[in-house]
Amino acid sequence: MRDAVGNSHGPPEGGHGHSGRLALRSPAADPGERRLVKEGCSMDLEGLVTIITGGASGLGDATARRFAQGGARVVIADLHDEAGQAIATEIGGAFVRTDVTDEAQVKQLVDRAVELHGRLDCMINNAGVLGATGGVGAISGADWSRTLAILLDSVFFGMKHASNAIKAGGRGGSILSTTSVGGIAALAPHAYTTAKHGVVGLTRSVASELAGHRIRVNAVAPGQVATALTVAAYGGAEAMRDFARARSPMGLVVEPEDIAGAFAYLAGPAGRTITGQVLTVDAGLVDCRLPEAYYLNDRLGSAAAESSAPQSAFGDERD
Ligand SMILES: NC(=O)c1ccc[n+]([C@@H]2O[C@H](COP(=O)([O-])OP(=O)(O)OC[C@H]3O[C@@H](n4cnc5c(N)ncnc54)[C@H](O)[C@@H]3O)[C@@H](O)[C@H]2O)c1
């Protein structure tokens, strides 16, 4: 049998205590959109021992459910004991209270997952906050450092201890992290943008080191998703969804389940040759809406429409 890491093994030990048919996390604001992202789940992650940091809320919550639905053995790590424990119980997984800014706690988390399941196959470094906001002249050094500790140091700690555990298993695996469209373009507060760019750099750098161990290292860059991290800034979830939909050239809102699906794709057999990559899941926000590209298209289109002379983008070259 080919398992979710892409290697051949016997059947995984033990059960998961769930049916593999779990409900989505939250009611559908737009049932059509939510139904679309729900389809396509199967037991594609069977037996994959997976840690998800920040799994008590938002994207981590949806990812924990998607992985459990796919047959993974999920270990949720978060500071929110009650929510983390409740989700873990619901999906037949485990919860380990962890502050991801504390390297010793991240090591203990990885050790606990190995103790529970005999190995680690997949680490998802996802915990996060918006962090320091405001102009560069006003951000305190303490707020800057705290933001980078939560968003970037934590990813280093996760990669470090997960890679050692996955190597020890000797069968390869996968390390995934949550960056952001703010890790690709200047779309977020300074410290957040810096940390998320750092996650992209670390992903590429560590991927090249670990490829020889068949440990794949990738990141997902979500666009704007309505979660606890974002909605307050927009005055509520629906206001944020309206804002995001208006900015998507596709007229779509990215849902937590879209991000969960991207993680599942990268962690599972379909992603077995993908490493060092950043998968952007943003309903076209960055590549289709970069202001310069939009401006250029608009200008060139207008110029062509206003001129009565035949237009060629090749100039004299084709005469
Ligand atoms: N929501 C978006 O639009 C969006 C877009 C791009 C990237 N992201 C990224 O997605 C990730 C998940 O965010 P979300 O939107 O689901 O937000 P969220 O607030 O719903 O979830 C974040 C989780 O991280 C946990 N966390 C925070 N600090 C922690 C710490 N020190 N130790 C352990 N856990 C900690 C929180 O308790 C929370 O459960 C973050 O890395 C965020 O930067 C979110």
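Two residues are taken to be in contact if their C-beta atoms, placed from the backbone, lie within 7 Å. The model described here is predicted.

## Helix α6

Helix α6 covers residues 190–210. At 1.5 Å a residue, its 21 residues should span 30 Å, and the end C-alpha atoms are 30 Å apart, which agrees.

The buried residues of α6 are A191, Y192, A195, K196, V199, L202, T203, V206, A207 and L210. Seen down the helix axis, these buried residues fall within an arc of 135 degrees, so they line one face of α6. An α-helix has 3.6 residues a turn, so residues three or four places apart point the same way. On the face turned away from the buried side, α6 carries the exposed residues G201 and S208. The cover over the buried residues of α6 includes the helix α5 (141–169) and the strands β5 (173–178), β6 (215–222) and β7 (278–281).

## The ligand shell

There are 28 residues around the ligand, and G54, G58, G128, T227 and L229 come nearest. Two helices, α2 (58–69) and α7 (228–234), each supply at least two residues of this shell.

By type, the shell divides into 11 nonpolar, 15 polar and two charged residues.

## Residue R241

R241 lies in helix α8, which runs over residues 237–247. Is R241 buried or exposed? R241 is buried, because 21 other C-beta atoms lie within 10 Å and the cut-off for a buried residue is 20 or more.

Between R241 and L252 there are 9.0 Å in space, C-alpha to C-alpha, and the two are 11 residues apart in sequence.

Conventions
Residues numbered from 1 in each chain as written. Predicted model: local features only at pLDDT ≥ 70, side-chain atom pairs only at ≥ 80, totals over all residues. Helix = DSSP H or I, 4+ residues; strand = E, 2+ residues; numbered from the N terminus. Expected span 1.5 Å × (residues − 1). Buried ≥ 20, exposed ≤ 12 C-beta atoms within 10 Å, placed from the backbone. Arc of directions from axis to C-beta. Near = placed C-beta within 6 Å. Nonpolar A, V, L, I, M, F, W, Y, C, P; charged D, E, K, R; others polar.
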